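Let's take a walk through this structure together, going from its sheet to its core and then to a few individual residues. Keep the model open beside you as you read.

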Amino acid sequence: MLRIDTHISRGPKVTFRIDGQAITAYAGESVAAALLASGLRRLRTSPGGGGRGLFCAMGVCQECVVEMIDAAGASHVVASCQLEVSEGLELRSRTFVDGH
């Protein structure tokens with residue numbers, strides 16, 4: 001785990017999932033920060049098949065986009081650096097398909 005452990009005040013622990021894998025994070029963290037802290041760096045696949053992940057961390061580059069699954073089962077593309085973790089959040093990493 002890649003977190004500072006001392007002299008930091010954190011929110012309560014929450015658990016969310018990406019690609020079925022449970023990730024423990026702290027309320028107030030972005031999804032991208034929580035995934036990086038858990039060691040998960042590859043969030044999507046480029047057209048050439050390479051891995052993409054957190055880059056600018058401010059929602060401009062879109063390198064860290066993932067799919068958020070809502071309660072109805074629909075997916076929405078979101079920048080993980082702009083999405084706050086929450087209990088029960090369901091995400092899926094993205095695979096490049098036909099230009100999307």
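This is a predicted model: local features need pLDDT of at least 70, side-chain atom pairs count only at pLDDT 80 or more; totals for chains, interfaces and linings use all residues.

Residues are numbered from 1 along each chain as its sequence is written, and side-chain values use heavy atoms, with hydrogens and water left out.

Let's begin with the sheet. Five strands form an open sheet with mixed pairing, in the order β2-β1-β7-β5-β6. Helices (H or I, at least four residues) and strands (E, at least two) are DSSP runs, numbered from the N terminus, and two strands pair if DSSP finds at least two bridges between them. At the edges of this sheet are β2 and β6, each of which pairs on one side only. On average, neighbouring strands are turned by 40 degrees against each other, direction ignored; axes here are lines fitted to C-alpha atoms, for helices over the stretch in contact, and angles run from 0 to 180 degrees between N-to-C directions.

Now zoom in on β1 (residues 13–18) and β2 (residues 21–26), which run antiparallel and are joined by six bridges. Along this pair, threonine 15 stands opposite threonine 24, and arginine 17 has alanine 22 as its bridge partner. Two residues lie between the strands of this hairpin, where aspartate 19 takes a positive phi near 50 degrees.

What about the interior? The largest nonpolar core has 19 residues, and Phe16, Val31, Leu35, Val85 and Leu91 have the most contacts inside it. Such a core is a set of buried Ala, Val, Leu, Ile, Met, Phe, Trp, Tyr and Cys residues joined through side-chain atoms within 4.5 Å. At least two residues each come from β1, β2, α1 (31–37) and β6, and α1 gives the largest share, with four. Leaving aside neighbours within four places in sequence, valine 85 is in contact (heavy atoms within 4.5 Å) with residues including Val14, Phe16, Ala25, Val31 and Ala34.

Valine 85 also touches glutamate 29, a residue in the loop between β2 and α1. Is glutamate 29 buried or exposed? Its relative accessible area is 14%, so glutamate 29 counts as buried; the term means under 20% relative accessible area, with exposed over 50% and partly exposed in between (1.4 Å probe, protein chains only). The side chain of glutamate 29 reaches the backbone nitrogen of tyrosine 26 at 3.0 Å.

Finally, turn to the end of β6 (residues 75–79), where you will find alanine 79. Alanine 79 is buried because its relative accessibility is 13%. Beyond its neighbours within four places in sequence, alanine 79 is in contact with Gln62, Cys64 and Val65. Serine 80 sits in the loop between β6 and β7 (90–92), and is buried, with a relative accessible area of 0%. The side chain of serine 80 reaches the backbone oxygen of cysteine 64 at 2.9 Å. Not counting residues up to four places away in sequence, serine 80 touches several others, among them Ser30, Val31, Leu43 and Val66.

Key
A polar contact is a pair of N or O atoms within 3.5 Å; within protein, one must be able to donate a hydrogen and the other to accept it, and residues adjacent in sequence count only if both atoms are side-chain atoms.
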